[in-house]
Amino acid sequence: MTLRNKILVLVAALAVLAGVATASVLHAAGREDRKNRTQAGGPPVTAGKVSLTPDATRKIVFRNMAWGPHRDELATVPAADPAGPRTASGVKCLRFYAAATTGICLQAERGAMQDSYRAVVLDARLKERAHYSLPGIPTRARVSPSGHWAAWTVFVGGDSYAGTNFSTRTAVLDTRTGRLTSSLEDFKAYLDGKEHHAADTNFWGVTFAADDQHFYATMATGGHTYLVRGDLAARTVTSLHANVECPSLSPDGTRIVYKKRVPGLPADAPWHLYALDLATMRETALAEPRSVDDQAVWQDNHTVAYSLAGDYGSDLYTVPADGTGKPRHLLTAGLAPAYLG
Amino acid sequence: MYVADSRGTPAAPADAARVSSGRRSSIAPTVFALGTVSLITDVSSEMVTAVLPLYLVTGLGLSPLGFGLLDGVYNGFSALVRLVGGHLADRGGRHKTVAVLGYGLSALCKPLLLVAGSLPLIGAVLAADRTGKGLRTAPRDALISLASAPESRGRAFGVHRAMDTAGALLGPLTAFLILRQAADGYDAVFTVSFCVAAVGVLVLLLFVPSRAPAAALPQDAPRASLKAALALLRVPEVRQLTLAALLLGLATVSDSFVYLLLQHRLGVPDRWFALLPLGTAAAFLLLAVPLGRLADKVGRRQVFLGGHVALLLAYVLLLTGWQSPALPFLTLALHGGFYAATDGVLMAAAAGAVPAGLRSSGLALIQTGQAMARFACSIAFGAAWTAWGDRTALGTAAAVLTACAAGAVLLRPSNSPKEARP
């Protein structure tokens, strides 16, 4: 083939491939555009005032994922009518949690060369009190029952070819003083009674106790996960139990609901919800038969709420925390709930 | 260049002559073509790498933790693929065919990512993608060496590696621009990545000659067979190079550990963490050509060893824990310099030791030895970190690197001038 013909072949192929590439980008852009238009039959969403201060009607505040102009905004619905009209706040969060009029919102921030993420501490009127840069993709967020402490977990992506190693980074923040521990790896860790340090140690899924001093979280190392109990004053974490991920402490502080890796399930959906009685260390399987990848939220001392994949990203469900009953659909197109009041 | 020119070596007149001859012998068009193929392919693959964590977490809603997408077993398999690729390429001088297979396989994996919806399937696609990379590396490096004059091979590999790294820097940017047009447009990223990879394969098919110039393959060249490839280890120079690469690889802490240490010991803020690999890549890009030329002038072994001295300096900087805003930049510059002084330079040195007829096999052998040693180092370093903490682990790595570098110096053959001044 002459050079002229080679160049002709290359130019022709470039034209075709550029066409395919452009079409795929336009197609994806069009699809994203549709998500910003309200879908028929979806829950009605109107802009309004959202406050984290409890009032006469108990509410659920969550990330609204219904298509339309208020997609990804924090929204509230009455807890008694979760399928009812939503009030959207205008504040966009990927992950969220709130307690005692303190909110923690993990959100994306657009940049010129790459997007980044930040954690924003919100007051009762969802106004920013402080913000912190995040080193990765947000996955979990929690606030202590007093509102004094906040914690979050992000995924830090692999940097090797074909990105195969992932780690997590979990930060703990004193919202009163602004003192930030950017990684729980800075805490002294005890595994089965012995001091433990390893490069492969990862923490995720913090849940706070009501005493403002203790918390629970997942520690992973050597291919195993452990429930650890943390002490914010002594800056230590101590393992209590194996095969526990994303613990969530009951309001009365007696039980933990968590994801347990159950043998025989598919590699990418390996978890069932379990409850652990902290006094007896007895495990009870909850009645949700599907694999759950979420940090559950306690609706009261008897029921937990959690997300499962849905048509608009994620739907919320509830199930009794004692292994009885059946899962119930809570609401469509929502994620990261917190109960107000 | 000024680094070399400012050195008042006794061999200055000879060096000057070499510089002028180096300017006359320009980089072969094949090297530029292969550099272009690598640049385009790296744009394609780094686009995917950049969005993969986000895709898994937000696109598919998966938790990638605790599930190694490519496990240790695969590392062994990948070494085997590389050796097989090298051997197949040497049989009948089919370097280009094997390279096309490798680049083609990786290109075909991109649209497969569109349909692979679960972690095991994505792991399988990534494994196939890496298999393609394993297949093509040795034949491509053999083609670069066969197309270049022996005295300018260091520079040729430098040009290739610089182009390759430029692609790796452009890839994430391209992916970002697509996601800016369409948030969650991962399908578009994968489709564009495939189109880009296809252009790479096409440039390879059209603009890289399939046969090495006849002059490069003498008649009395040994026949390519597995036996002949293994017999290469009996050639003193090849054995010494392999041993040196292996020894030094045993003390080369993997990139992810270096970035983790930068954060742990130097307190690099979280928001810069994702940018650390870019620092290494930028230094690699800037230094690959000058250090390649330097290797042609002062000897490839020396520059290869010098690269490891740069790495040792980076370890020492990390060990001091000295809190200065300049320190992360300095560490990354040394880390990138280490790659610039070792990656292409080792191949240039190896090309001088391996006969043309066994070029791919020989390069594959040395690359594999180095990769396996680095993998072993990663495992050992992780274990040392667990047992003793990061500071002691790094101190040990620095000590091992010093010992291995000393060992590699002792390994120098007595007739080294022949190699150093090809």
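This is a predicted model: local features need pLDDT of at least 70, side-chain atom pairs count only at pLDDT 80 or more; totals for chains, interfaces and linings use all residues.

Trainee: Which residues touch the most other members of the largest nonpolar core?

Mentor: Those are Phe96(A), Ile104(A) and Trp152(A), in a core of 177 residues. Helix α8 (residues 186–207) of chain B gives this core its largest share, 15 residues. There is also a second, separate core of 17 residues, with Ala189(A), Leu191(A), Phe215(A) and Val237(A) among them.

Trainee: What makes Phe187(A) and Phe215(A) an aromatic pair, and what is the angle between their planes?

Mentor: A pair of aromatic rings is described by the distance of the centres and the angle of the planes. For Phe187(A) and Phe215(A), the centres are 6.2 Å apart, and the cut-off is within 6.5 Å, so they pair. Their planes are 65 degrees apart; over 60 counts as edge-to-face, so that name applies. The whole structure has 13 aromatic pairs over all chains.

Trainee: Where in the chain are the two partners?

Mentor: Phe187(A) is in the loop between β12 (180–181) and β13 (188–191) of chain A, while Phe215(A) is in strand β16 (residues 214–221) of chain A. The two are 28 residues apart, so the pair links distant parts of the chain. Together with Phe208(A), they form one aromatic cluster.

Trainee: How do you know whether Phe187(A) is buried or exposed?

Mentor: Buried means under 20% relative accessible area. Phe187(A) has 5%, so it is buried. Phe215(A) has 0%, so Phe215(A) is buried too.

Trainee: What makes Lys259(A) a residue that lies over the face of Trp271(A)?

Mentor: Part of the test is a distance within 6 Å of the ring centre, along with a limit on the angle to the ring normal. Lys259(A) is at 3.9 Å from the ring centre of Trp271(A). Likewise, the charged end of Lys260(A) sits over the ring of Tyr274(A), 4.8 Å from its centre.

Trainee: And how many helices and strands does chain B have?

Mentor: Chain B has 17 helices and zero strands. Of its 422 residues, 59% are buried.

Terms used: Residues are numbered from 1 along each chain as its sequence is written. Chains are lettered from A and ligands numbered from 1 in the order in which they are written. Side-chain values use heavy atoms; hydrogens and water are left out. A nonpolar core is a set of buried Ala, Val, Leu, Ile, Met, Phe, Trp, Tyr and Cys residues joined through side-chain atoms within 4.5 Å. Buried means under 20% relative accessible area, exposed over 50%, partly exposed in between (1.4 Å probe, protein chains only). Helices (H or I, at least four residues) and strands (E, at least two) are DSSP runs, numbered from the N terminus. Rings of Phe, Tyr and Trp (its six-membered ring) pair if their centres lie within 6.5 Å; planes under 30 degrees apart count as stacked, over 60 as edge-to-face and the rest as tilted. A charge sits over a ring if NZ of Lys or CZ of Arg is within 6 Å of the ring centre and within 35 degrees of the ring normal.
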